[in-house]
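User: I would like to go through this structure with you. Could you begin with the terms we need?

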Amino acid sequence: LILDEFYWSLRDTYFPTWCFIQTYISVIIRCFGVLLITFHRYLTMCRSHTRIEQFVNVSHRWTLPFLQWIIPLIYSIPFFTITDVQFDSKDSFNMLAEQEEITLATFMTAVFLTVSFSMCSFCYGSILKFLINNRYNANVAIKRELRLCVELLGLFVAHALLFVFHVMLMIFSLERNDGPVFTLRSVFPVITGFMSYINVWLMFIFNTDMRNKILHIISCHENMSCILNKVIVKISQGTETTRIRTFA
C-alpha cells in the first residue's frame with residue numbers, strides 16, 4: 001500500500017515487464033540450483049572416487065557455481081523479448097501480456113522444470129537406492145549422508161510443487177490470461193516461500209548439533225537479559241537508597 005503510488009508511476013516503463021519475467025527467471029535459477037545440489041549429493045554418494053566426482057569435488061570445484069548462473073541465464077534470454085506487459089489497475093496490479101508472450105514464458109518454464117525435475121528424481125532415486133542397500137552399514141559417513149538426504153527432501157518436494165504449478169499455469173494460459181491464471185499467480189508466493197524456508201526448518205529438526213547451538217544461543221540470550229534486568233533493578237534500588245540517606 002505504501003509503494004502503490006510509486007509502482008503505478010512506473011507503469012509506462014519496463015518495470016511491469018520485469019515484474020512479469022523475473023518470476024519465471026527466478027524459478028528457473030532456483031530449481032536449477034536444487035538440481036545441482038541433488039546432483040552433487042548423487043556424485044558424492046553414488047559415484048564416489050569416479051573421474052566425474054573428482055572433477056566436480058576436487059579439481060574443478062568452481063564448475064557447479066559457474067553452471068548455476070550461466071545455464072539459467074542463457075536459457076532465459078528469450079524472456080527479454082517480452083516488452084509490453086502492463087498493470088491492469090492500481091488496485092490489483094495484475095500483469096497483462098499478449099497471449100503469445102504468456103505462452104512463451106509459461107512453456108519455457110514448464111519445459112525447464114520438467115527436465116530438471118526428471119533429473120532430480122533420477123538422482124534422488126539413486127541416492128535412496130544406495131541408502132537402502134547400505135541400511136545396515138554402521139559407517140558414520142553413511143548415517144550422516146542419510147540425514148543430509150532427508151534434509152534435501154524438502155527442496156525436492158518444493159521443486160515438485162513448482163513443477164506442478166507451472167505445468168498447470170501453462171495449460172490454463174494457453175487459452176486465457178485471467179481467472180485461473182490470476183488465481184494461480186496468487187498462490188505463487190506461498191510455494192516460493194515454502195521453497196525458501198523448508199530446508200532451514202528441516203536442518204533445524206534433523207541436525208542435532210545445529211539445533212542445540214541455536215537453542216543454546218537463545219537460552220544464553222534469555223539468561224543475559226535476566227541478569228541485566230536484575231543488575232538494573234539493583235542499581236536502581238541502590239541509587240534510591242543513597243538518595244534517602246542523603247535527604248536524611
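Analyst: One term comes first: UniProt positions are given here in the numbering used for this structure, feature names are shortened, and annotations may be inferred rather than shown by experiment. With that in mind, the UniProt annotation "transmembrane region", from an unreviewed entry, covers residues 20–43, 64–82, 102–127, 148–174 and 186–206. Please note also that this is a predicted model.

User: What is the helix and strand content of residues 20–43, and how far apart are the end C-alpha atoms?

Analyst: Residues 20–43 are 100% helix and 0% strand, and their end C-alpha atoms lie 36 Å apart.

User: And what about residues 186–206?

Analyst: That span is 100% helix and 0% strand as well, with 32 Å between its end C-alpha atoms.

User: How many helices and strands does the protein have, and in which pattern along the sequence?

Analyst: There are eight helices and two strands. Along the sequence they follow the pattern α-α-α-α-β-β-α-α-α-α.

User: What share of the residues counts as buried?

Analyst: The figure is 35% of the 248 residues of the protein. As for contacts with a separation of 6 or more, 76% of them are between residues 24 or more positions apart.

User: Let us turn to the core. Which residues of the largest nonpolar core touch the most other members?

Analyst: They are Phe20, Phe79, Leu113, Ile127 and Leu162, in a core of 52 residues. The elements that contribute two or more residues to this core are helix H2 (15–46), helix H5 (99–133), helix H6 (140–173) and helix H7 (180–206). Helix H2 gives the most, with 17 residues.

User: Which residues does Leu113 touch, leaving out those up to four places away in sequence?

Analyst: Leu113 touches Val27, Cys31, His159, Leu162, Phe163 and His166.

User: Where is Met195 found, and is Met195 buried or exposed?

Analyst: Met195 is in helix H7. Its relative accessibility is 4%, so Met195 counts as buried, the limit being under 20%. Not counting residues up to four places away in sequence, Met195 touches Arg30, Cys31, Val34, Leu155, Ala158 and Leu162.

User: Next topic, aromatics. How many aromatic pairs does a search of the whole structure find?

Analyst: The search finds twelve aromatic pairs. In one of them, the ring centres of Trp62 and Phe66 are 6.1 Å apart and the planes are at 80 degrees; the pair is edge-to-face because planes over 60 degrees apart are classed that way.

User: How accessible are Trp62 and Phe66?

Analyst: Trp62 is exposed, at a relative accessible area of 52%, whereas Phe66 is partly exposed, at 45%.

User: And why is the pair of Phe165 and Phe188 tilted?

Analyst: The planes of Phe165 and Phe188 are at 40 degrees, with the ring centres 5.7 Å apart, so the pair is neither stacked (under 30 degrees) nor edge-to-face (over 60). This pair links distant parts of the chain, since Phe165 is in helix H6 and Phe188 in helix H7, 23 residues apart. Phe165 is buried at 5% relative accessibility, and Phe188 is buried at 14%.

User: Which residues form one aromatic cluster?

Analyst: Phe117, Tyr124, Phe156 and Phe163 form one such cluster.

User: Finally, where is Ser76, and what does its side chain reach?

Analyst: Ser76 is in the loop between helix H4 (63–75) and strand E1 (86–87). Its side chain reaches the backbone oxygen of Pro72 at 2.7 Å. Ser76 counts as buried, at 1% relative accessibility. Leaving aside neighbours within four places in sequence, Ser76 is in contact with Ile25 and Ile28.

Note on methods: Residues numbered from 1 in each chain as written. Predicted model: local features only at pLDDT ≥ 70, side-chain atom pairs only at ≥ 80, totals over all residues. Heavy atoms only, no water. Core = buried A, V, L, I, M, F, W, Y, C linked by side-chain atoms within 4.5 Å. Buried < 20%, exposed > 50% of the residue type's maximum accessible area, 1.4 Å probe, protein only. Helix = DSSP H or I, 4+ residues; strand = E, 2+ residues; numbered from the N terminus. Contact = heavy atoms within 4.5 Å. Phe/Tyr/Trp six-rings, centres within 6.5 Å; stacked < 30°, edge-to-face > 60°. Polar contact = N/O pair within 3.5 Å; in protein donor to acceptor, adjacent residues only side chain to side chain.
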